[in-house]
2 protein chains.
Amino acid sequence: MTQLYNKVALIGLGLIAGSMALAMRRAGLAGEIVGHARSAETRATALDIGLVDAVFETAAEAVEGADLVVLCVPVGVMGTVAQEIAPHLAQGATVSDVGSVKKAIIDAVQPHMPDHVHFIPAHPLAGTEHSGPRAGFADLFQNRWCLFTPLPETDRASIERLQKLWSAMGANVEEMDAAHHDLVLAVTSHTPHLIAYTMVGVADDLQRVANKEVIDFSAAGFRDFTRIAASDPTMWRDVFLNNKEATLEILGRFTEELFDLQRAIRRGDGEQLFDHFTRTRAIRRSIIDAGQDTAAPDFGRGPKEGD
Amino acid sequence: MTQLYNKVALIGLGLIAGSMALAMRRAGLAGEIVGHARSAETRATALDIGLVDAVFETAAEAVEGADLVVLCVPVGVMGTVAQEIAPHLAQGATVSDVGSVKKAIIDAVQPHMPDHVHFIPAHPLAGTEHSGPRAGFADLFQNRWCLFTPLPETDRASIERLQKLWSAMGANVEEMDAAHHDLVLAVTSHTPHLIAYTMVGVADDLQRVANKEVIDFSAAGFRDFTRIAASDPTMWRDVFLNNKEATLEILGRFTEELFDLQRAIRRGDGEQLFDHFTRTRAIRRSIIDAGQDTAAPDFGRGPKEGD
């Protein structure tokens, strides 16, 4: 594979940055990869396990001379980091990010960007419930989507070069408007996460059911919620604070539907329940056909974990 | 392994009955296994793939001479089936079931049971999103729980013999009161299923987000909901109609919590969100430690399905 950037600076060294580093290295996409993380321990780990060639105590130092800078920090600090690195960005550098919301990040980052750089917001739809530099793996983006929400005035050649990078890391690339991105993600990710966090909280609270029972008997459905509700708290706090409108809109729709099904249960309307459950079954098949999940029963999860 | 029953009759030949047949066969737990299903096609399949030694057009014929009869039909028809088989049950036979609710099944089945049989309600907490006789596999119950909700007057020796069968099929066995079972399952299974069914319905409905987008971008969280919402519609309709009170109670708690988090989003209360998300993370670790799920990121789901 051809090298696409001479020096890539990753700001933030968690699951996504770590996976990008490993994927770029494996495919020889970057001449040099450097990084910055606020925590000294994270920086040491990233060096130690060979994610990056060098680490820096400040983001400003890390971006010096980089032709690609990727902000891999929580959504809530994107603006501060952008402001800090702005005076140190190289002529013609591309600045991108991997944040889960796009409108708020554009509003926070764009005003700080000097004219001589290309700011290209992007969002890889990939991740696991684990976090930190050790959680990364080179295959994370394989056959996953990376959504680009470029501003209309941005240089096309720079956008295409960054899209080539994501394709070379295994992702499928698509462009859309930032507001539409935020609505789509409210449906496919943000609201499902809030619901899972809520249900796990309810179970944890319930005095009449022992915690041990919730844990032992979780295989009946609940454990899939706990996986989602084990995701990084800082990341998710920032997602909800920064995609407030779309999340609240979809939550409103969700509550409306829930009350409708709840009423069907109360009234004993079996037909309505059956019709609803039949309709939702079809969408699963489409997701498997689209290659976004496995058809193996129960995700192919082994029945004898730990044996 | 010692043979525990001479003749086992499985009424209903879906995922659970098929898995029981394969697990009993593998461990030599039953002399003969026969079955009944309403559909001629299901009966033919069950014979064809060797789940059972013989099939019968009626449940009444199937139970003749059986020392164990297991009702593996949807909750809503348990009573009718019990009534039909009652006059044909052998002296001293054990009659059990695998239904997901227990109070309603006891109410529906117990009145039909003659004095010369032992009715022992049970519920294996195992399953996948697939259904039908071909969906069964011998390992389904391995390290999963089978909850018994026996009536106080039931013969202990018969209960223990049936518990031996479940243990020999790989399950962990526990006894509890039927009402408590229904509450615990409302938390760990029934409410999570209703929530998943609801969210998938919302996504499917949403005019402003194309169906293709929901499917392509599902890997961001939503796809785990679609797996749950792909479960058998008849089974789940009956679960909600027959565990109405406990499900509505837990749904009430859920809605209360959801509104609280929704309000935190609206007010921008990051601290409340962060605290909640931190608390729910801990419960995941307990489930993995209890051997009820895998610690592999994303369930160890391969990144390149279909490649």
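Q: Where is Ala264(B) found?
A: In this predicted model, Ala264(B) sits in helix 11 of chain B.

Q: Why is Ala264(B) called buried?
A: The cut-off for a buried residue is 20 or more other C-beta atoms within 10 Å. Ala264(B) has 20 C-beta neighbours inside 10 Å, so it counts as buried.

Q: Which residues does Ala264(B) touch, not counting residues up to four places away in sequence?
A: Ala264(B) touches Asp269(B), Gln272(B) and Leu273(B). Phe274(B) is 10 residues from Ala264(B) in sequence, and their C-alpha atoms are 10 Å apart.

Q: Why does Asn143(A) count as partly exposed?
A: A residue is buried at 20 or more neighbours and exposed at 12 or fewer, with partly exposed in between. Asn143(A) has 19 C-beta neighbours inside 10 Å and therefore counts as partly exposed. Asn143(B) also has 19 inside 10 Å, so it is partly exposed as well.

Q: What is the phi of Asn143(A), and where is this residue found?
A: Its phi is near 60 degrees, a positive value in a residue other than glycine. Asn143(A) lies in the loop between strand 7 (122-124) and strand 8 (145-148) of chain A. In chain B, Asn143(B) has a positive phi of about 60 degrees and is not a glycine either. Asn143(B) lies in the loop between strand 7 (122-124) and strand 8 (145-148) of chain B.

Q: Why are helix 11 of chain A and helix 11 of chain B called roughly antiparallel?
A: They pack at an angle of about 165 degrees, with their axes 11 Å apart. Angles over 145 degrees count as roughly antiparallel. The two helices are therefore roughly antiparallel to each other. Their crossing is left-handed.

Q: Which residues make the contact of helix 11 of chain A with helix 11 of chain B?
A: From chain A come Lys244(A), Thr247(A), Leu248(A), Leu251(A), Gln262(A), Ile265(A) and Arg266(A). From chain B come Lys244(B), Thr247(B), Leu248(B), Leu251(B), Gln262(B), Ile265(B) and Arg266(B).

Q: Which residues make the contact of helix 12 of chain A with helix 10 of chain B?
A: Helix 12 of chain A gives Gly270(A), Leu273(A), Phe274(A), Phe277(A), Thr278(A) and Arg281(A). Helix 10 of chain B gives Pro233(B), Thr234(B), Trp236(B), Arg237(B), Phe240(B) and Leu241(B). They divide into 7 nonpolar, 3 polar and 2 charged.

Q: How many residues of chain B are in contact with chain A?
A: 99 residues of chain B are in contact with 99 residues of chain A. Helix 7 of chain B gives the most to this side of chain B, with 19 residues. The side divides into 49 nonpolar, 27 polar and 23 charged residues.

Q: Which residues touch the most other members of the largest nonpolar core?
A: They are Leu10(A), Ile11(A), Val69(A), Leu10(B), Ile11(B) and Val69(B), in a core of 214 residues. Helix 7 (residues 178-205) of chain A supplies the largest share of this core, 14 residues.

Conventions. Residues numbered from 1 in each chain as written. Chains lettered and ligands numbered in written order. Predicted model: local features only at pLDDT ≥ 70, side-chain atom pairs only at ≥ 80, totals over all residues. Core = buried A, V, L, I, M, F, W, Y, C linked by C-beta atoms within 7 Å. Helix = DSSP H or I, 4+ residues; strand = E, 2+ residues; numbered from the N terminus. Contact = placed C-beta atoms within 7 Å. Nonpolar A, V, L, I, M, F, W, Y, C, P; charged D, E, K, R; others polar. Axes fitted to C-alpha atoms, helices over the stretch in contact; angles between N-to-C directions. Parallel < 35°, antiparallel > 145°, perpendicular 65-115°, else oblique. Left-handed = near helix turned anticlockwise from the far one by under 90°.
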